[in-house]
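Hi,

Here is the structure I promised to pass on.

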Amino acid sequence: MSKPIDNQTVKFYQTGTLTVGNRLLDPEQRTVQASAERTNAITCGHRACQGCGEALGARYALDAAMRATDGQLICVNATGCLEVFTTPYPETSWQVSWLHSLFGNAAAVASGVAAAQRVKKRPQVRVIAQGGDGGTTDIGFGCLSGMFERNDDVLYICYDNEGYMNTGVQRSSATPGGARTATTPAVGEAPGNVFGTGKNVPLIAMAHNIPYVATASVADLHDLEAKATKAMSIRGARYLHVMVPCPLGWGSAAHDTIKLARLAMESGFFPLFEAEHGVVTSSRAIRRKVPVIEYLKPQKRFAHLFKPDNPHGSEALARLQAQADENCRRFNLLRDEGAV
Amino acid sequence: MSHQHPFAITLDVGTSLANRTGTWRTTKPVYGDHLPPCNAQCPAGENIQGWLFHAESGDYRAAWDVLMRDNPLPAVMGRACYHTCEGACNRGKLDEAVSIHAVERFLGDLAIREGWRVAADAPPSGKKVLVVGAGPSGLSAAYHLARLGHAVTLADAGPKAGGMMRFGIPKYRLPRDVLDAEIQRIVDLGVELKLNAKIDDIPAAMKDGGYDACFAAIGAHLAKKVDIPAVSAGRILDAVSVLRSMESGEEPPKLGRRVVVYGGGNTAIDVARTAKRLGAEEALIVYRRTREMMPAHDFEVEEALEEGVAVHWLRTIKRLDDGEMVVEKMALDEKGWPQPTGEVETIGADTLILALGQDVDVSVVTQIPGVTVNKDHTVAVGPDLMTGYPGLFCGGDMVPSERTVTVAVGHGKKAARCIDAYLKGESYAAPPKAAVAVHDRLNTWYYSDAPASVQPTLDLLRRQSSFDEVKGGLDESNALFEARRCLSCGNCFECDNCFGVCPDNAVIKLGPGNRFKFNYDFCKGCGLCAAECPCGAIDMVPEDL
């Protein structure tokens, strides 16, 4: 007998719903990025490195937010790569209302902008604060926590490339254990970045019981856009943490940016989930499980872990794998959701 | 400056569009159309990916039109072709190959149902071409020549057109209404079909009829023989005659209760399955070598076994007595060749059918000046399929080649193009082929998991007792599903990935059907578009520095 296809949960298309667009899908089912009318929040001519994950992640998130708010959006940017590569005086790449103050105060400035909109009785104008992991998890952390704690009507987006890349690849509190940076060299007995410290800001944000916390990745555009859109449908303090690989800081090929983000996702090393009011409500199941070493190996910052004479190598790799395994357990990433 | 600037600001705000980051680039992305492995494999030169592309969007007419550019017999081909394309299909490495033949058959059947027609592409050329032999090769040549604007006469010695498609392939694999419909469509294109018209002197026929060129494709109909001592010679038949007699409207041949077929090719399988359907209680194939060495296609052997056909591998027939047959067991030597063991056994047999291959009846060409016949009784032709006699081209089973319907159809197309060039005083040069889109070029992450659709199969009892078609067709939803399993290897299908993943907005979307182009003013050459292109349609090419 022929196989019935009517009872398929996902109507099948040549590339399913995994590609950016699909000529066979209705336009409204395609991503914002598939549309020639997308905002292009960051336009051409910016000075990000070749294959920059952050330039991509920021455009993905802001274009989705622009569509969700009908263009009524103000962005406040922390200091960092994203600010530097888009706005060398007197040029700007931004095609959204955009404001930069200091490295550590983006969340506080955004709170002020949101308050101003309230005073001006412009409820339709929404506010996004954004920064890299340095400006978020380290330098701007106090202001961020305050914004959460006051439940200010701001979506804060952190583009996490796991270090201070713009200033020469220094360690941040988001740098993973074992990674080599300028300040955590892998020389002799030094193992690269230490294990067991650092901050998991999505979990810290959840501890503030704010309405919405989510993680996303440049490797899953549909998921990222859905989360940015959902975040804009909610009032109050929201937090979106996007993984954005950095070819410069990670020592990876420019064309591998999305592949690495995908391997981080599929190994369980970077879990994608959503939480509302401090409770995890959903996670993205792993589609094709890979061991963490597949993610680590293409990156020069982990190259020392694979040297046979490195006394820390195998232990560090085991710890990184254990982190991924723990994520799989904690966020239930290994459930079978049928063929996708 | 005419207006006041804020404190410490001296320049107007400008856009970063002034910063042409394209100058950073050392390699640049380039869109290309690579040759999908299915297309590269197809002996008829079909643009399979090209017609599947249209079928995916449900535009079956456009799909059929693309298909018909290369092959005038889609409904036949979807049934009788051994679809080597599917063996080459990159999707086979992912889950299962796209069931290309099933979609082709769906399109072919739909075209017959809807009465779709094609018209000539060129105005009448005033040239006349004689095609000898209305088998797949001759029909294909006639069709393509007609579309190229030439006046074609298609002559066949038999009572009906179709050649081996009618007199070799059993009905249960290729229903005759399907064959008739596709032949009629070629005739409707203006091809003059002459049946029962055996041509013994081709140069004379060309001269008398005023033909400017001739394509001969008379096939290979002479059954190969082997000397087997027998009590009664009448008990030994040949497979070609048995299959032919099924079509000639005579009484079907009396084969007896126990039929033995000698041979290991597709014809052996066909005749054994036919015997079963004619009521033979036992249909047994005897083959000299092993199952792995059988030239017959595996799925046909499988289907025959399902229907109760038995196979004795590693046996040769020594002698046929009254009601029984003596066979000798063979064993493979260290080189893998079968060698006699001296050990014999006896098998009950009423009829022996020889299916040992066929030869070309070259008598029609041996007298033609310039024509060379090869040692294996095939006709020598050049790369343009022309013989040593100017204007005489040959193809199909009568030239050295793999003898399948699809190869024959390909010969017909190639001959038509070469004849067209010959008639213009030119020589045909095939356009250069793009590099094959191998599996390594693909980014298969983006393809959804989807196993192949299964064609319905006739139940076994009816397969053993009737000549009804064994394999059913896909319905529309299944055919659409199957078409959409195509990975579009090497050819852009407008998934928007390059447009989406460029960190520099350096990909310009040109709208439906027009694909994309790169904005090299800003492309930094990172290669993300090429890496994330599912189908491998983008190459990174070094810049001249």
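Let's start with a helix pair: helix 7 of chain B and helix 15 of chain B cross in a right-handed way. (Right-handed means the near helix is turned clockwise from the far one by less than a right angle, and left-handed means anticlockwise; helices are DSSP runs of H or I with at least four residues, strands are E runs of at least two, and both are numbered from the N terminus.) Helix 7 covers residues 136-147 and helix 15 covers residues 405-423, and their axes come within 7 Å and cross at roughly 35 degrees. Those axes are lines fitted to C-alpha atoms, for helices over the stretch in contact, with angles running from 0 to 180 degrees between N-to-C directions.

On the helix 7 side, the contact (heavy atoms within 4.5 Å) is made by B:Pro136, B:Ser137, B:Ser140, B:Ala141, B:His144 and B:Leu145. Helix 15 of chain B brings residues including B:Val405, B:Ala408, B:Gly412 and B:Ile419. By class, the residues of this contact are 8 nonpolar, 5 polar and 1 charged. Here Ala, Val, Leu, Ile, Met, Phe, Trp, Tyr, Cys and Pro count as nonpolar, Asp, Glu, Lys and Arg as charged, and the others, Gly among them, as polar.

Before going on, a note on the source: this is a predicted model, where local features need pLDDT of at least 70 and side-chain atom pairs count only at pLDDT 80 or more, while totals for chains, interfaces and linings use all residues. Residues are numbered from 1 along each chain as its sequence is written, chains are lettered from A and ligands numbered from 1 in the order written, and side-chain values use heavy atoms, leaving out hydrogens and water.

Now the interface. Chain A and chain B each put 57 residues into the contact. They bury about 5000 Å² between them, 53% of it on carbon and sulfur atoms (buried area is the accessible area, with a 1.4 Å probe, that two parts lose on being put together, summed over both). There are 2 salt bridges across it, a salt bridge being a side-chain nitrogen of Lys or Arg within 4 Å of a carboxyl oxygen of Asp or Glu. A:Arg23 forms one with B:Glu56, with the closest N and O atoms 2.9 Å apart.

A:Thr87 sits in the loop between helix 2 (81-86) and strand 2, and touches A:Thr92, A:Trp94 and A:Trp98, not counting residues up to four places away in sequence. A:Pro90 is found in the loop between helix 2 and strand 2 as well, and the peptide bond from A:Tyr89 to A:Pro90 is cis, with omega near 0 degrees. A:His277, in the loop between strand 8 (273-276) and strand 9 (279-283), has a positive phi of about 50 degrees although it is not a glycine.

Lastly, the structure holds 57 salt bridges over all chains. One of them joins the side chains of A:Asp223 and A:Lys227, which both lie in helix 7 of chain A, 4 residues apart.

Cheers
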